[in-house]
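Dear colleague,

I am handing over the structure below, and after it I set out what was found. Please read the notes with the model open beside them.

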Amino acid sequence: MYLLFQHNDKYCCSMEGLLPYGEVFMAPQTEVLYHVIAQPNSRDAVHSMLGMNRQQMQPCPMVEEALVRLAVVAMEMVENVERGEEGEERVREVWSQLANKLVFFYFLQLINITSVINLLRQKLSSSHCRKGRSWLMWSLLHFVTSTVQSKLPAQQQPSATSTAAQLQKEFVPILNLFSLLYPDREPLPPPDPTRLEAVLDTAMASIWVVYSSRAAADGVELPRPVPYILTAQIKWLMEQSESLPPASNLSTDHTVALLLSVYSNNTEVSSKLLNILIDAVAPSSSSGTTPDLCMLPLRSLSTIAMHAKIRLMDKVKHHLVQVAEASKQLPSGHPPTITPALLETYSRLLIWLGTRNFQTHLIPAVFKSQAWPVLHALLEVIAYRVHLQLQYSYRFQLLQQLHTVVGVSIIPTQLFVCAENTTLRLIQGLSSPEFLLQLAKLYASDPKPLLSQESEELNRVFVCVLAKSMHISNLDTTNWLESFMRAVFTAAPQSWPEATSRFFPASLRQLCSALHTADYQVALVSKAEEEYRKFNVARGKANERELIQTYTDSESASLFLCVLWQQLLETGTLSSTCIKIVQRTQAKKLAAYARKMVDYIVFTCPSPSSAPQFNSVVAYLNELVWKYHIFPLDRLLLCMVMRGYDGRYATIGLSLIHNMLLTNQDLQTRVTSLVENVRPDHWNCQNWHSIHTEFLHSFPETFHPELPGVPATTSSTMTMYFGNVCFRFLPVLCLYLNRLLEIPEMAALHLEETLDKFGCLFAFHAHPANHLYTTLHYYLMSLQERPELKKKLVATVMGSQRRIRNLKWYFSPLFCEFLCAVEPVSGWTPPTQYYRSLLDKLVKGLEPFSLSAPSCDWQCSEFSGSLPLSLTCACVELLGLPLGGTQVACQLLKALYSMAEDKDSHEDVLPLINALALIFISLPDCYQSVLYDSVLKVLETLGPETRVSPTPVRGTPSCLLSLMHSFWLHGNLGLLLALPQWLQLQVGGVVSNEGQLLYVLQLLGPILHRVIAEKPKLLLDIVMEIYRLLKVVDQRQKGLLQHSDIICDFLYHIKYRHIGHAHGKKEEIEQLVTSLHLPLKTRLRFLTHSLAENAD
C-alpha cells in the first residue's frame, strides 16, 4: 500500500501528469512520512515510499526531520511521565525504538549524523525538556558507535588534516548539544554499576571516550578539552577498562554491558569483554566452574550498543560452530555441552539483530557436522524463543531448511519430532494478509520448497493457514492458487472433509473439490487384516531376524503399524518382535505408516455409544504413547486431528482424541505441574531453566519404543532446553479446537470441557490474542449462534495471560466485567459509551510515541507496537460480543457520528475516522456490509442539487465519505477488487440524479491513485461503471446537469492521468458517450479520437 504514498526526488507524492494539481498535493508530505517512521519496523515502508534502491541512497532531510521530531516528542514524554513501573516501561520502549531507528536509517544512508544533531539542538533550544537528556545521549551513543565502527582500507585512509576536520565536524555539534542539555557546574558522579540506569547516566561520557579512542587511533587530538562535569565519569570508565571486572553476576552488575558499548570499537578491550561474557554464560570444561544459569538480562542486553550486539552475536555463533565440530570426537551417549544461558543469550540477540547469519551460516554448518544435539538445541531456539519475530522471507527460508532436515533418513526420532513441531509453529505463525503478498511474491511460480514431501499433516496445516489469510484479507482469487494446490496434492494425495472446506474461500474450496482423492477405506481395512493374518503365520515359521527384515524393508512395512495395533487389540500387549521392528524403522517412515494406522483404527472403531469397546480403543491408544512410547503424544494427535474425515468417521476420530486427553492422567498431571511451576514470561525469570529442568526430571520423556521394564538399545535422549510434551502439544491443541468448531455438534459436546482442562496452556502461547482474533474471524459462522461458547473461548485464552498481564491491559473494563460475569450472556448489550471508549483507546494507539498508549515491548510480545495491540484487542472485543455483526457495526457508526459532533475541527475528527476504518477493515464481511449499506442510504437521501462537503465535521454524509476513503486506502486489495461489482449491482440501482453521482465521484476520486498503483486493470472496470452511472443520470435529468464541467474534468483527469486510450474498453466508452445528451457529448468528445472526429 506504500506505493500509494511513493515520493519523488523532492519528497512529494508522485503526482506528475498532464493536469495541474493543488499546492497541498505538490508539497512535501512530511506528516505522512513522520507517521510511517514513528511505527515500529518502518524501514521497509520508508524505503518503498522514497522509491530508492541501495545504490541511490543519500541523506533525506525529511527523514532527519521526522527522527528529530520523534526525539523531541520522546523528551516531552519523559517530562510528563509519572513514576511507576508502567510509565517507565513505556519510556524505555520508546527510546529503544528511537535508538534502533537512528542506527538503521544511518546504515541505509538516509541520515547524516551532523545534520541530525544540529537539528536536535535547534529544536531543543526552544524547549525546556531536560529530564530525558540521559535517554537522548544514550540513543546518540548507539548512533555514534555505529558511525565510527568501520575503517577505510589503508590505501583510502584520509590525511591527518582531513581526519581532524571530519572529527571536528561530527564531534563539535555533539558538544554543543551537550552544553545545552547539561548546564551543571559540578562533575557528574560516577555511576552505580548495580543499577541499570548506570548506562544512561554515563552516556555522554561514553560518547567522549568513543571519540577520544577514534582520535587516538587516527593520530589526531579532539578539538576541545574534557568538560569539567565529565571528568569523574571518564576517569571511572578508564579505570574499569584497565581492570576489567569478572562477570560474577551479570544480573546485578552491569559494568561489562556498559563497557562493551563504550569500547566496542577498541579491538583489544572489546575482545576481553566478549570473552568475559562468553565465559560467564558458557564456561569451558577446563575452567572447573559451574555454568551460570542467570544469563544476561534482557533489559541489560537492550542497553548495549548495536555494534557491540553484533560482535557479541558473532562470538556466540563462532562458539556454537566450535561445539558442533568438537561433537564429532565425543563418544556415543555424551552430548556436547551447551548451557541454557548461552542459548538464551543467543536467542535474545537473534530477536534484536535478525536470523540471517543464523540461517545462512550456523544451521548449515551444524547440519554438515551432523551434530544432532546442537541442531536440536537450535531448533528449540526457533520454536520457543525467536519464531514470533521472524520476517516472512526468513520464515520461508527456515521452512525449506526444516524440510531438508526432516527428509534426512539418519536423524534421531527426537530431532525429527522437534523439527516437525518447529515447522508447525512457523506455519501457524503465518496467518496474516501480509503472508499472501509475500507468498505470491516469492513462491508463486514454484511453491514446492515451502511444502513438505514427508508430512501430509504439515501441508494440510499450511492450506488451512492459507484459507484463513485469504478469508481475513478478502482475497478469494489469486493467480498462483491453482499451481500451489496442485503442488500440495502432488506431494500427498488427499481429500478435504466438507466440514473443513465449507469455511474455505470459494476458489480454494473449488480446487480442493476438483483435486479430491477417492476414498480407500475398504481397501485399507481388507489389506490390513490380510497382513495381520500373514504376520501371525510368519511368526510360527520364520525366525525373528527374518520377520524384522520383512517389516522394515519390504512393501509390507507400510501396514506394519496396523498389524501392531491389531495385535494389541487381540492380546492386550505388544511382543518384543513388534517393538524391535519399530525401533529399526526410520522416524519419517514411522510417521508415514502412522497415517494408515490411524485410518485403520477409525474405520474399524465402534461408535462412541458402544462404551466398553470404544473405551478399550482409547486405552490402547494411550498405551501406545505412554507405555510403549511408539509415538510422542503430539505426533500421534497431529496425525489424528489432520485426517480428512467426514460424517461418522469425523465423530469417531474427534471422540477418540477427546477421550485420550481426558481419561488419561499422564498429560493432565504434566499440564497442572507446568502451569503451577513454570512461568510463561521466561524473559523476566532468571531461574526459568532450573525450574524447567526440574519439571523434565519429574516427568522424563522417552522418544524410543520400548517394552515396559526393558530399556531401548538406541541412543539417549537429547537435552531439551526450552521444550517439553506440553509445549509441543499446544499447537496441536489449537488445531483440535479448530476442528471442533468446524463441526457444531462436536463443539457442543467437547469444546468447553477441553478448554476447562487444557485452556491454561494458552498462557504459553506465543501469540494468543492474534490466534483468538483469527479464530473468531474465521469461524464466525460457527460461533455467531453460540455466544456462551464464544465467551468461554475468549475468557479462557485471554484469561490464561493473567500471570503476565492483567486482563484490562488487553480489553476495556466493561468487557472484562462481561468475561468474568457468571450470568448468561443473552440479553447483554453494552451502552453507547462503550463504543466511544473503544475508539478513544485506539486513537491513543495511533499517536506516535503516545504516553497514554499501552506499553508493548516487541521483544517479548506478539505485537510490534501499541497500534497493533490496540487494534487486535478491539477487534477481539467486538467479535466476542454476544451481538450480531450488523448491530455492532451500527453502534460503531453512531459512536463516530456523536463523537464528531463534539469536535471543533476536522483535524480532530480524522484520527477517529482512521481508527474506525482500521476496525472495519479488520472485521468480517457482515460488519463491513453495514458501511456499504450506509452509503446506499445516504445516496437515497441526496437530491439533484445536493453537494456534500468533504470536511468530516458535521453531518453523516461527510463523515461517511471520509470513513470510506480511509477504509479503502488502508484496507487490503480484496476490498478494491469488489468495487466494480458493488457499483454495478448496488450503487447502480440507487443513483438517479446529479447529486448522487457527484457523491459517488467523491467516494472514488481519492482511491484511484492506489488502484492504478496496485491493480491497473481494475481501474478500467471502475471507470466503466462510472460511465454507466453517468448515462443513467443524464437520461433521468434529460441532459440538464448543473455540474457537468466538474464531472467532465473528473473523467478527463482519469484519462490523462491514469488510463490513456483505455485499450480494450475504447469502443464501449464511445458507445456510452454517443448515447448521452448533447451538452455532455460535446464536452466529452475528446475522450477518444473517433469521438473528436465525429464531432468535427
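In helix α25 (residues 506–514), the buried residues are Ser507, Leu508, Leu511 and Cys512, where buried means under 20% relative accessible area, exposed over 50% and partly exposed in between, with a 1.4 Å probe and protein chains only. They lie on the same side of α25 because they cover an arc of only 135° around the axis, the arc being that of the directions from the helix axis to the C-beta atoms. Gln510, Ser513 and Ala514, on the other side of α25, are exposed. The buried residues of α25 pack against α22 (456–473) and α23 (481–491), and contact here means heavy atoms within 4.5 Å.

Some notes on the source belong here. This is a predicted model, in which local features need pLDDT of at least 70 and side-chain atom pairs count only at pLDDT 80 or more, while totals for chains, interfaces and linings use all residues. Residues are numbered from 1 along each chain as its sequence is written, and side-chain values use heavy atoms, with hydrogens and water left out.

As for the chain as a whole, it has 57 helices and zero strands; helices (H or I, at least four residues) and strands (E, at least two) are DSSP runs, numbered from the N terminus. Of the 1096 residues in the chain, 58% are buried. Among contacts between residues at least 6 apart in sequence, 79% join residues at least 24 apart.

Two helix pairs that share α2 come next. Helix α2 (residues 30–38) packs with helix α3 (residues 43–50) at an angle of about 155°, their axes being 8 Å apart; axes are lines fitted to C-alpha atoms, for helices over the stretch in contact, and angles run from 0 to 180 degrees between N-to-C directions. The two helices α2 and α3 are therefore roughly antiparallel to each other, given that angles under 35 degrees count as roughly parallel, over 145 as roughly antiparallel, 65 to 115 as roughly perpendicular and the rest as oblique. The contact is made by Val32, Leu33, Val36 and Ile37 of α2 together with Ala45, Val46 and Met49 of α3. By class, the contact of α2 with α3 has seven nonpolar, no polar and no charged residues, where Ala, Val, Leu, Ile, Met, Phe, Trp, Tyr, Cys and Pro count as nonpolar, Asp, Glu, Lys and Arg as charged, and the others, Gly among them, as polar.

With helix α4 (residues 61–80), α2 packs at an angle of about 60°, the axes being 9 Å apart, and that makes α2 oblique to α4. From α2, Thr30, Glu31, Leu33, Tyr34, Ile37 and Ala38 meet Met62, Val63, Ala66, Leu67, Arg69, Leu70 and Val73 in α4. The residues of this contact of α2 with α4 divide into 10 nonpolar, one polar and two charged.

Finally, there are residues in loops to look at. Leu881, in the loop between α44 (866–880) and α45 (885–901), counts as buried at 0% relative accessibility. Leaving aside its neighbours within four places in sequence, Leu881 is in contact with Lys790, Phe815, Trp828, Pro830, Tyr834, Tyr835 and Val888. Of these, Phe815 is 66 residues from Leu881 in sequence and 8.4 Å from it in space, C-alpha to C-alpha.

Gln370, in the loop between α17 (356–369) and α18 (372–386), has a phi near 55°, a positive value in a residue other than glycine, and is partly exposed, with a relative accessible area of 45%.
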